[in-house]
Amino acid sequence: MTEPLIRFNRASLGYDGKAPLLTKVDLEIRGGEFWGILGHNGSGKTTILKTALGLIPSLRGKLAVKGVRFGYVPQKERLDPIYPLSARDVAEMGTYRKLELFSGLRGRGRADVVRRCLAECGASAFSERRFSDLSGGQKQRVLLARALAAEPEILVLDEPLAGIDITTQQALLALLASLKGRLDLTIMMVSHRVRAEKGLFTHLAWVDEGRVTTGPAAEMLSTGRLAEIFRSEL
Amino acid sequence: MSVILEMLSPDFLLHHAIWGSVVVGFVCPLVGVYFVLRRLVFWGVALPQVSASGIAFAFMLQGLGLTILEGGESGERHLAIAGAVVFTLGTILVLAALERRGRGLSEGRIGALYALASAATILFVAWNAAGETEMLGLLKGEIVSISERDFHAMLNVFGAVAVAMFLFQREFTLVSYDRDMAVTLGRSALAWDALLFLIIGVTISLGVMTVGPLVIFGFLVIPPLAALPWSRGMASFSVLASLLGGFSAFAGFYVSYTRDLPLGPVVICAACAVYAVSLSARRLC
């Protein structure tokens, strides 16, 4: 079995100065896996992502991240629409890993990377439009392109299907499946529903009442509380 | 037309005043765009006033005999700059820390800070044993009487600010727009924020000394607001805001000179007129 890219070992997660949201979290994510982080609103799903990304520290226990490059797709509502940025400008941010002077990616090179990522995500047609004017599905495609421009090993998505109609959700999921296959990506994705995504996930983490239960998707969806919820969604 | 040619002449009596105003008009909007985008417009009101209170505090110490810097008028100016920079940067540090904690009402903090800084400025002036009139001139901005040496020092600092704002535009935009993304890319959001706030602090401190707190607030906020509806991308936003600021400063100086009106208020009125035209034209387009 390959070495985990991310390992939580008896970790307590939450925000500094407050009681932990989640305790005794054990989670190992290996290359090529597609993890669904599921749970109710406010259960702590995003906290797991933020801790893995290094945005907030683990309060207790161990978190080991094996020097991987992340591509992060945040909740689109978090990005302020006042910024006069085009879709291409937003996607280009994925290439800002290093200071311009030292990046080795200047002018045409940077533009080529961004153009390729926008094309892979089906976002070329609206790349010159203002990002804040795009529909939810279009924004999600641009944010995916931005994450790909960071040349990630792990793609981390926070509620990418929230506020998007069913047809667009299915198109985005098909795009994710295709990107995962072509680019050999590992994916962590937060969602509060199971139905639409169930065929994609290889593993699931169920976040409920301060605890995290993990396992292979097929197993998790056949027994226990998550299986009950999944059946009720159907 | 002849008046404009006269104003542009190197022999013009108020040569330093006009170019000083125009440079402030060009550079302040470059940092002001981040006040607008980060929705910190009220910082633009409060920080120039804090800077003014720093100037008043430094002079009060001097008046009380606590001499820090020697060297006559030049020493006094350096003292004023030191007071402005220390007060402004200290305040930015505290405000930024409070914003990051995300507790309390941000607007309430800024309102209280503005009231405190205004009151403190008046009290520091009242407690100053000497030179009240001269100090009041400094607090209002004494661009008309700026010396050759100070004018060139101002040009150098504002030139460096402009270069830094364009050189690091990608980084400042990234940490302002999506801080979490910056961190996942391995960038130090804290360090880039610190650099941006340092530049803002220096710009405001020097600007307040040059044209006064009212004009600095106007230049920080009004040209970016006028430019925003027409902007496509951060580069065009910054350049357009800067051009509108420079134009407002020049137009304001022209009206002030030809109508014998006080410079600061006229410049602000000119910037507001540009803003009104921008909004009206946007509605028509």
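## Sheet of chain A

Ile6(A) sits opposite Ile29(A), a residue of β2(A). The model in which this pairing is found is a predicted one. Strand β1 of chain A covers residues 6-13 and pairs with β2(A) in the antiparallel sense, through five bridges.

These strands belong to an open sheet of three strands in chain A, ordered β2-β1-β4 and paired antiparallel. Its edge strands are β2 (22-29) and β4 (60-65) of chain A, each of which pairs on one side only. From one strand to the next, the twist averages 15°. Strands of a sheet pair through backbone hydrogen bonds, in a parallel or an antiparallel manner.

## Helix across the sheet

Helix α1 of chain A, residues 45-53, lies across β1, β2 and β4 of chain A. Relative to β1(A), helix α1(A) runs at about 120°.

## Contact between the chains

Between the two chains, 18 residues of chain A are in contact with 16 residues of chain B. On the chain A side, the residues that touch chain B comprise 13 nonpolar, two polar and three charged.

## Helix α13 of chain B

Helix α13 of chain B takes in residues 263-284, 22 residues in all. At 1.5 Å a residue the helix should span 32 Å, and this agrees with its end C-alpha atoms, which are 32 Å apart.

The buried residues of α13(B) are Leu263(B), Gly264(B), Val266(B), Val267(B), Ala270(B), Ala271(B), Val274(B), Tyr275(B) and Ser278(B). An α-helix has 3.6 residues a turn, so residues three or four places apart point the same way.

Definitions and conventions: Residues numbered from 1 in each chain as written. Chains lettered and ligands numbered in written order. Predicted model: local features only at pLDDT ≥ 70, side-chain atom pairs only at ≥ 80, totals over all residues. Contact = placed C-beta atoms within 7 Å. Nonpolar A, V, L, I, M, F, W, Y, C, P; charged D, E, K, R; others polar. Helix = DSSP H or I, 4+ residues; strand = E, 2+ residues; numbered from the N terminus. Expected span 1.5 Å × (residues − 1). Buried ≥ 20, exposed ≤ 12 C-beta atoms within 10 Å, placed from the backbone. Pairing = 2+ DSSP bridges. Axes fitted to C-alpha atoms, helices over the stretch in contact; angles between N-to-C directions.
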